[in-house]
Amino acid sequence: MIPDFIYLMRSELVVTLIIFFLLFVKIGKGMRNSSLLPVIQFLLLVNFLSHFACHCSGNLFGNMFLVTPLITMQKAILSLAVYLISLLCTEWLKKTEHLAEFFLLMLSALLGMFFLLSSGNLLIFYLSLELATIPVAAMANFDLHKRISSEAAMKMILSSAFSSGILLFGISLVYGSTGTLSFSALPALLNGSPLQIMGFVFLFTAFAFKLSIVPFHLWTADVYEGAPVAVTSFLSVVSKGAIAFVFMTFLYKVFQPLHTTWYNLIFILSIITMVIGNLFALRQNNIKRFLAFSSIAQVGFILVGISSNDPGGMTAVIFFILVYVFSNLAAFGVADVIAVSTGKETIEDYKGLYATNPFLGWILALSLFSLAGIPPTAGFFGKLFLLTAGASTGNYWLIIIAGLNMVISLYYYLKLVRAMFMDKNENPIPKIYVNRTVKWAMVLCALAIILLGMFSWLYDHIHSLVA
Amino acid sequence: MSNLSLIIWIPLLPLAGFILLGIFGRKYVGKAAGLLATATMLASTLIALYIAYGYFTQYAGNYPKLVPVNYTWLSFANGLSINMGALLDPISAMMIVVVTFISLMVHIYSLGYMKGDERFPTYFAFLQLFTFSMLGLVLASNIFQTYVFWELVGVSSFLLIGYYYDKPSAVAASKKAFIVTRFADLGFLIGILILSYFSGTLDFNTMIGSLTDPNSVQLQSAASHTFLGVSALTWGAVLVFMGGAGKSAMFPLHIWLPDAMEGPTPVSALIHAATMVVAGVFLVARIFPILSISTPVVLEVVGWVGAVSAVIAAIIACTQTDIKRVLAYSTMSQIGFMMFALGVSKYGGESGLGFTASMFHLFTHAMFKALLFLGAGAVIHYIHSNEMKDMGGLRKYLPITHITFLLACLAIAGVPPFAGFFSKEEILLAAYENNPAIYYIALVTSGVTAFYMFRLYFMIFWNKNATVHHEHHHGEGGFAMMLPLLILALGAVGAGFIPFGHFVSSDGLTLESHFDLQFSAAPVALGLAGIFLAMWMYKKENNKPQQFATALSGFYKAAYHKFYIDEIYLFVTKKIIFNLVGRPAAWIDRNVVDGMVNLAGNSTVFVSEKIKKFQSGKVQQYAIWFLVSAVLIAALFIYVWK
């Protein structure tokens, strides 16, 4: 039993150990940021690599905690994203006053997500969801001297408390009508009675809230704008990735008997989400709000992939999220470097960026190309797989609408690229010195954006894990 | 032929050039960048000639489709795979020669034309990227590879059109070109997905094989599935053609081409005359067996779109005053010829004449149209204006440009024995035999073509005497600019004598073309009439054109404004879409959504008043909105949509 426990929970154990390490650092004399940060980055790399230690599957605590190679891979993607954030946001992290606490919170949230991915029961699902959310709200408040940052944290905690309330209500309805909370026992007991449908819809809203699916997205823009870039990128990449992974297991395995209901629900919401996300993104002038709304539209595309209800769709979504990790983090990385060194955040300020900072210009352009889905970047293949997965249900209207939205999104991504490369600016962003760590992380993202689409083994590997 | 695998070096050399110049160009290479790029292009051209020569001599008379290189790039579980490879058949062998040769000419010409430009290495890097993408496109063995390079061609032409990025019009034009073709490309992508879904493959040879065999399961299932009353196969073919029509600037997707003339002139010669814009024709030729055997309806569409584009563009060209715009519309018109030639063709044997004619015209057109653009470049270089009214009498100052330009005009006007005569005669013959209506349209158009080309010629080189600023007189632009003109002039004169049917035909077998003097009489007479009319009106400065324009005022005005097609697009997008979709959406956003939130919020106004002091006062509205949506959705699924 003991070796089993250690193998199966190794990801969670590693994260917990890092958390304890940070606590001791904090209790002790404390270290200077410049020496603590490399240590943390190293530990996060170890955390990422620990997922590759063994290829095992099993369950613990009476089906409460499940591990499969697929879940391990999803955890690895999240860990990679956290590692990349720690590299890309080096500038901001060095300046923050409470570095140890910041990572303490971030890792607690990550731990929550790990449990979330492994959960086999609605109870542990709820607990880990809270663990994955509350620390992030505290992180949103980390620009301690900025009012807008505290406001973001406040909004986030209130909205998620509300969402949790509805989620709990949904869980109790489901429990009331079936008498079980276990994921393995639930499918047999679901019969589509109004009570269960209501419970399911309420459960669904919790996912919709976390994924910022319209109309449950209202908190997103305010929080993204107010929070520090490191937190925004964590929210938009890591949180969304984790929830999307669980969402699929949830729909495909647990709520499979209610397939018709959730398919229609996703059909409607994915269209609304793509359209509204795009329409709002068109109007944004603040780069963080812009990325926030465009990430809402991206979620709409993820929903198109999820709607397929087959292993192909799951593969497509996981692959897309992996690509999205690199593309979005690179974009946020550039935004962070610029915000920390100059305080500039509007698209107006980005005019003429290429002339003064060609490196940052190219990285941002590449990541925007990938987000827009322009071949041959990986983002194109990600979108393509999502759309083909969605097409497998034979609902061509959804695909046509998604395709049109791709073109619209191209317009606003390109607008930013044009501003950077072609527009003139009287008062451009001055030449920025980019830290070597940050530079390497950006180059890594850029390489991944170019190469991920070209090598099929990764896609095939995900596919073999899913199937 | 053991050296066929050399073929991959044809695209790889320009790619290497691009990477080298793109990374080190501005810092380390500097002025040598042009020579370096030209050298890689020369090597690439020589390999292309070698391969094409070997292919055409070895398999004389019965040309197989060879796949010398094939690398699996992405493979899917069910045997479907995306490959990167090279497909060698008569049309791709011809295309690699055209693309590398014209690109080489443009490289050499640019050495002179762009001399002293601040971003000289960047310019050549872009040229190399474009050439690489175009070569990858024509060599593609897999329809998906075509798509990937198709997009790359779009991106690199975006970069080249917007090269003068400090000119707002250039930036707008590059954006317009990109967005318009993107819409067409969306159709292309969906078309690819449909075709590959039903044929179960992305490989050209296999796909053509399974979709043209009437007994195959794939063809039957593709023909029996319908969407909006049209079979899936037809949808797929039409959508793929839509992609081609966008890239080839066919009506009504042509609006980007004239604006794209904002790029440097050698770029226009390369992209908007000889290579990228014929990609659509090439694509239709590539899937021609599917179109002609399984979906003749689509081929009919191709024919009419081509014919309509040809005549509209020719009429507009008569009224434009910017010389590059005249050439742009002329390109669109000539591509229309190539398109309808494919449209009237059938598969195999004598009735496949249209196919051969189309490819022949593509070949000769590349020569004389590149020559026209490069000649126009020399004129613009000299006079520093694109407007015809600033020109006139230049034959004394630019003798070489004058002669070569005249030869190209004779070629495009279809005067024997210049290149355009032979290819155009074949096209007309093919149309005459298969679709008389298109034939008469084409006949008139070829007369109009002669008129507008010579209008251009006389306005530039005769007419009044232009005011030339002698203080910065720099002659014709040196050896680098003159050499390509002379070489291309040879092509414009001699390319017609190639027995094209021996090399390129719809089914890979030799096709004997024969000329009929009686048949040629009508088009040549019309062409000469057009030339003399232009001479009468424009050789000397006079007010005949003005009277003419006044007499035809309504029609002239409509043509001058390009039949208001840009305005129609603007009207549709700004007025209709904006008013019918954008306004209501904004209204709903403002009144319904916000209104509902406000309404719901008002009911909790007592609580919210107190919380408002601490924060923005919107979070409770978010919560209400959340709750309302959740309840509405639950109700929807419980009561309405069970």
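## From values to terms

Mentor: In chain B, among contacts between residues at least 6 apart in sequence, 79% join residues at least 24 apart. Please keep in mind throughout that this is a predicted model.

Trainee: What is the corresponding percentage for chain A?
Mentor: In chain A, 81% of the contacts between residues at least 6 apart in sequence join residues at least 24 apart. As for secondary structure, chain A comes to 21 helices and 2 strands, while chain B has 26 helices and 4 strands.

Trainee: What makes a residue count as buried, and what percentage of each chain does so?
Mentor: A residue is buried if 20 or more other C-beta atoms lie within 10 Å of its own. By that criterion 55% of the 642 residues of chain B count as buried, and for the 467 residues of chain A the value is 58%.

Trainee: Why is Thr72(B) called exposed?
Mentor: The cut-off for an exposed residue is 12 or fewer C-beta neighbours within 10 Å, and Thr72(B) has 12 of them, so it counts as exposed. Thr72(B) lies in strand S1 of chain B, residues 66-75, and, leaving aside residues up to four places away in sequence, it touches Ser81(B) and Asn83(B). Between Thr72(B) and Met84(B) there are 12 residues in sequence and 6.3 Å in space, taken from C-alpha to C-alpha.

Trainee: Why are helices H12(B) and H15(B) called roughly parallel?
Mentor: Angles under 35 degrees count as roughly parallel, and H12(B) (residues 279-286) packs against H15(B) (residues 323-344) at about 10°, with the axes 10 Å apart; the two helices are therefore roughly parallel to each other. On the H12(B) side the contact is made by Val281(B), Val284(B) and Ala285(B), and on the H15(B) side by Ile335(B), Met338(B), Met339(B) and Leu342(B). These residues divide into 7 nonpolar, no polar and no charged.

Trainee: What makes H6(B) largely enclosed by the rest of the structure?
Mentor: Of its 32 residues, 23 are buried, so H6(B) is largely enclosed by the rest of the structure.

Trainee: How do you know that helix H12(A) is close to its expected length, and where is it kinked?
Mentor: H12(A), residues 229-254, has 26 residues and reaches 35 Å from its first C-alpha to its last, close to the 38 Å expected at 1.5 Å a residue. The kink in H12(A) is about 30° and is centred on Leu235(A). With 24 of its 26 residues buried, H12(A) is therefore largely enclosed by the rest of the structure.

Methods:
Residues are numbered from 1 along each chain as its sequence is written. Chains are lettered from A and ligands numbered from 1 in the order in which they are written. This is a predicted model: local features need pLDDT of at least 70, side-chain atom pairs count only at pLDDT 80 or more; totals for chains, interfaces and linings use all residues. Axes are lines fitted to C-alpha atoms, for helices over the stretch in contact, and angles run from 0 to 180 degrees between N-to-C directions. Angles under 35 degrees count as roughly parallel, over 145 as roughly antiparallel, 65 to 115 as roughly perpendicular and the rest as oblique. Two residues are in contact if their C-beta atoms, placed from the backbone, lie within 7 Å. Ala, Val, Leu, Ile, Met, Phe, Trp, Tyr, Cys and Pro count as nonpolar, Asp, Glu, Lys and Arg as charged, and the others, Gly among them, as polar. The expected span of a helix is 1.5 Å times one less than its number of residues. The bend at a residue is the angle between axes fitted to the seven residues ending there and the seven starting there.
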